[in-house]
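Let's take a friendly walk through the charged side-chain pairs of one protein model. Please keep the sequence and the 3D view open as you read.

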Amino acid sequence: MYEVLSFYLSNGLKVIVHKISKIKTMSCGIWVKQGSKHEDNDINGFSHLIEHLLVSSVNTENKAYKDIIDKLSLYGVQYNATTTKEYTNYTFTGLNNMLDLSLDALANIVMLNKNITKEKLEIEKNIVGQELISFYSSFNQIVERTSQALWGNLDIGRIIVGNMKNIEKCNMENIREIIDFSYTPENSVLVIIGDIEYEDVLNMVNEKFSMWQDVKTREYKEIVSSLPGIYINNENKGSTSVLSVGFRLNSEFIKKNIPVEIISTILGHPSLDSRIMKKIRVECGLAYELSSFISKYSTKGSLAFTAITSNGNVEKTIKLLIEEIKKAKNNFFTENEIKKAKNILETEAILKMNDLTKHLKFLGNSAINNEIFSLENEVRKIQNCTNEMIMSALNDIFINENMGLAAIGSFDADKIIGLINI
């Protein structure tokens with residue numbers, strides 16, 4: 001049995017508590033529904049900047065928070081913060097006796113770190129500016145560019161880090177407005193994992209978070225671009241290019257994600273056994289780095305296949321990628337391929353549960369999207385996925401109306417655009 005306790009505080013904060021007996025470590029985190037999808041063109045990147053401002057203990061007016069972070073660091077607690085398309089999260093992982101202090105840190109982040117000095121704002125703006133330079137000068141942006149190509153420059157298509165112009169003009173009024181109307185109890189989920197006593201944790205949570213003021217969260221209306229498109233940047237001066245052939249996923253495939261995971265694993269798992277690896281790397285020697293990825297959001301997402309290759313091999317690589325996708329759609333997979341993919345996914349799910357931070361993120365990501373979270377249920381869904389379900393997903397996902405392309409490098413744009421047809 002996968003035992004999870006879920007409850008709400010009177011201010012609307014959702015709390016998820018999972019007891020794992022006989023472990024010496026704990027992990028806790030808070031998820032806030034504030035990400036790049038909630039921004040517009042003028043404030044794109046502000047959610048990520050706020051993450052930096054709230055988690056940093058440098059140049060803070062909240063001296064109590066600095067003391068908490070110093071003590072947590074002294075005792076080896078690992079902490080991190082991440083901004084995504086749909087939420088921002090803050091996590092702490094360490095020994096069980098650090099839970100109380102870690103919860104103090106989380107409470108300070110979401111409630112008490114709002115008084116940001118101008119000096120701190122300018123320092124973090126400079127740090128984020130350096131992060132922007134690194135992001136836009138690397139191939140790491142291909143995942144973001146794929147979402148942008150498939151969904152347009154809005155909602156989940158917006159780039160998380162934003163742009164330099166926006167960051168430079170950001171002021172305290174912008175920051176406070178987002179914090180005041182997004183960092184609210186009803187817009188957040190607190191998750192705690194460890195060898196814990198539920199009653200003790202309930203008392204801790206109530207003591208530290210019940211004072212969080214219950215205010216109305218800003219409203220958000222989902223926006224959807226009508227058709228997928230193409231993102232091209234062919235002015236890169238290097239000798240290699242990165243490309244991604246992507247497909248939209250609708251809400252049906254977000255909820256019934258296992259067929260998509262199996263397709264992704266068989267075609268694009270980074271091991272040498274995947275179809276794309278065998279064809280493009282092993283047989284043809286056109287690329288070294290090849291993989292697939294799934295970007296999963298609350299109501300939609302993306303399935304994409306990426307390759308890093310020399311500029312002269314871009315067209316050939318795209319052709320072979322699309323050929324392998326067509327073969328899968330027309331001829332399906334072997335029973336051995338499906339069995340192997342299921343075993344890989346089942347193993348990855350169990351390994352994720354044994355990594356406390358990954359386990360925490362699994363629960364938090366599920367809870368913030370109001371999904372059912374259960375290890376047994378994940379494994380059951382993998383085992384019960386039928387060939388008919390996989391075939392249905394292949395036919396519904398791999399169509400021209402769902403297809404997009406992102407490519408960065410040096411190549412003939414007109415030629416590769418003409419290849420996007422399935």
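What follows is a short report on salt bridges.

This is a predicted model, in which local features need pLDDT of at least 70, side-chain atom pairs count only at pLDDT 80 or more, and totals for chains, interfaces and linings use all residues. Residues are numbered from 1 along each chain as its sequence is written, and side-chain values use heavy atoms, with hydrogens and water left out.

Searching the whole structure gives 21 salt bridges (a side-chain nitrogen of Lys or Arg within 4 Å of a carboxyl oxygen of Asp or Glu). Among them are these:

| Pair | N to O distance |
|---|---|
| Glu-197 and Lys-19 | 3.9 Å |
| Lys-85 and Glu-144 | 2.4 Å |
| Asp-104 and Lys-208 | 2.7 Å |

Where do Lys-85 and Glu-144 lie? Lys-85 is in the loop between strand 4 (78-83) and strand 5 (88-95), and Glu-144 is in helix 5 (residues 142-151), so their pairing ties together parts 59 residues apart in sequence. Helices (H or I, at least four residues) and strands (E, at least two) are DSSP runs, numbered from the N terminus. Lys-85 is buried at 2% relative accessible area, and Glu-144 is buried at 9%. Here buried means under 20% relative accessible area, exposed over 50%, and partly exposed in between (1.4 Å probe, protein chains only).

Asp-104 sits in helix 3 (residues 99-112) and Lys-208 in helix 8, so this pair connects parts 104 residues apart in sequence. Asp-104 is partly exposed at 22%, while Lys-208 is buried at 6%.

Finally, salt bridges with shared partners join Lys-37, Glu-86, Asp-155, Glu-222 and Lys-300 into one network.
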